[in-house]
Structure formats: structure tokens, C-alpha cells
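Thanks for coming, everyone. Let me walk you through one chain. Please look at the sequence and the model before I go on.

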Amino acid sequence: MTAGIDLGHQPQAQAIRSDEDVVRVRQLVRTVAVAVKLSLVDQTKVVTAASELARNTLVYGGGGTVEVTTVDNGRRQGVQIVFSDSGPGIPDLDLALTDGYTTGGGLGLGLSGARRLVDEFQIETSAETGTRVTVTKWSR
């Protein structure tokens, strides 16, 4: 147990409804990243990706939720983060995943930048169900 975080693979949920919630997401991800012993560089990468994705959830998805979970593949531990919203979806996912593409307002990383900062990246999006982004960062 570290700083009140249960490392028993129970997801830590956080609503994303305001800029303050984006800050809380960053703090939660950093706490879990430290607990699973990610290097300082990898902590920074996953927190940066989480910040961009949380901001996207707020700005483009109209708010949503994040769940942060520790994962273990038998060889190493990691952090898995799932962002979900019920927004309009991403109309052109290929374009949104293009390097350098941003509509402004975030860190300027866009989805492609967030994808580069993590080890695993999965996105599901539709106008009917909104967007769900799952990222994982593994310890080295």
C-alpha cells in the first residue's frame, strides 16, 4: 500500500468534469506509477499522456471518467488507465492519430503524442457510444 492506493488491482476511479479533475488525474496516475516502481522518466511519460487524454475527455468528450489500475503480466508491473466519455466520438480517427494533429487547447501532443508516451494504446470511438481510450505503461 502506498499513499492510500490499493495495489490489489482495484481500479481507482476519478470523474473528469473540470480542470481541477484533470489535475487530480495527474496526481492519481503519478501516485500509482510510483507505487509500481516506474522510473522517473516513465512516470513523467505516463503522467503527461494521462494529462493530455484527461484534457481531451473534458474538452472534446464533454467530461467523463478515468480508471487507474495496477497490472501485472507475471514479469513486470504497470499502470493501466482507461478514459471514457459519452461525447460525440472522434469523426476522423486516422486524422486524429496523425503526428502533429491537434485542434488546440491541450498540451499540443494530440492522440499520437499520447500514444508514443505509453507502451500500449487502444481507442474505441463512435458517435453513439463516445470514446474509450485504454493506455498501459510497463515498468522496465
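Leaving aside its neighbours within four places in sequence, Ile-81 is in contact with Val-29, Val-46, Ala-50, Val-66, Glu-67, Val-68, Val-133, Thr-134 and Val-135.

Some housekeeping. This is a predicted model, where local features need pLDDT of at least 70, side-chain atom pairs count only at pLDDT 80 or more, and totals for chains, interfaces and linings use all residues. Residues are numbered from 1 along each chain as its sequence is written, and side-chain values use heavy atoms, with hydrogens and water left out.

Now the layout. The chain has four helices and five strands. Helices here are DSSP runs of H or I with at least four residues, strands are runs of E with at least two, and both are numbered from the N terminus. What pattern does the chain follow along the sequence? The pattern is β-α-α-β-β-α-α-β-β.

The five strands form an open sheet in the order 1-2-3-5-4, with antiparallel pairing. Two strands pair if DSSP finds at least two bridges between them. Strand 1 (12–16) and strand 4 are the edge strands, and each pairs on one side only. Neighbouring strands are turned by 15° against each other on average, direction ignored. Angles run from 0 to 180 degrees between N-to-C directions, and axes are lines fitted to C-alpha atoms, for helices over the stretch in contact.

Look at strand 3. Nine bridges join strand 2 to strand 3, and the two run antiparallel. Thr-65 stands opposite Ser-84 of strand 3. Strands 2 and 3 form a hairpin with four residues between them. In that turn, Gly-74 has a positive phi of about 95°. Strand 3 also pairs with strand 5, antiparallel, over eight bridges. There, Phe-83 has Val-133 as its bridge partner in strand 5, and Val-82 has Thr-134.

Is strand 3 mostly covered or mostly uncovered? Mostly covered: seven of its nine residues are buried. Buried means under 20% relative accessible area, exposed means over 50%, and partly exposed is in between, with a 1.4 Å probe and protein chains only. Across the 140 residues of the chain, 45% count as buried.

Next, the helices. Helix 1 lies across strands 1, 2 and 3, at about 160° to strand 1. Helix 2 lies across strands 1, 2, 3 and 5, at about 10° to strand 3.

That brings us to the core. A nonpolar core is a set of buried Ala, Val, Leu, Ile, Met, Phe, Trp, Tyr and Cys residues joined through side-chain atoms within 4.5 Å. The largest one has 31 residues, and Ile-81 and Phe-83 touch the most other members. Which element gives the most to this core? Helix 2, with seven residues.

Why does Asp-21 count as buried? Because its relative accessibility is 8%. Its side chain reaches the backbone nitrogen of Arg-17 at 2.8 Å. Beyond its neighbours within four places in sequence, Asp-21 is in contact with Gln-14, Ala-15 and Ile-16.

That is the tour. Questions, please.

Terms used
Contact = heavy atoms within 4.5 Å. Polar contact = N/O pair within 3.5 Å; in protein donor to acceptor, adjacent residues only side chain to side chain.
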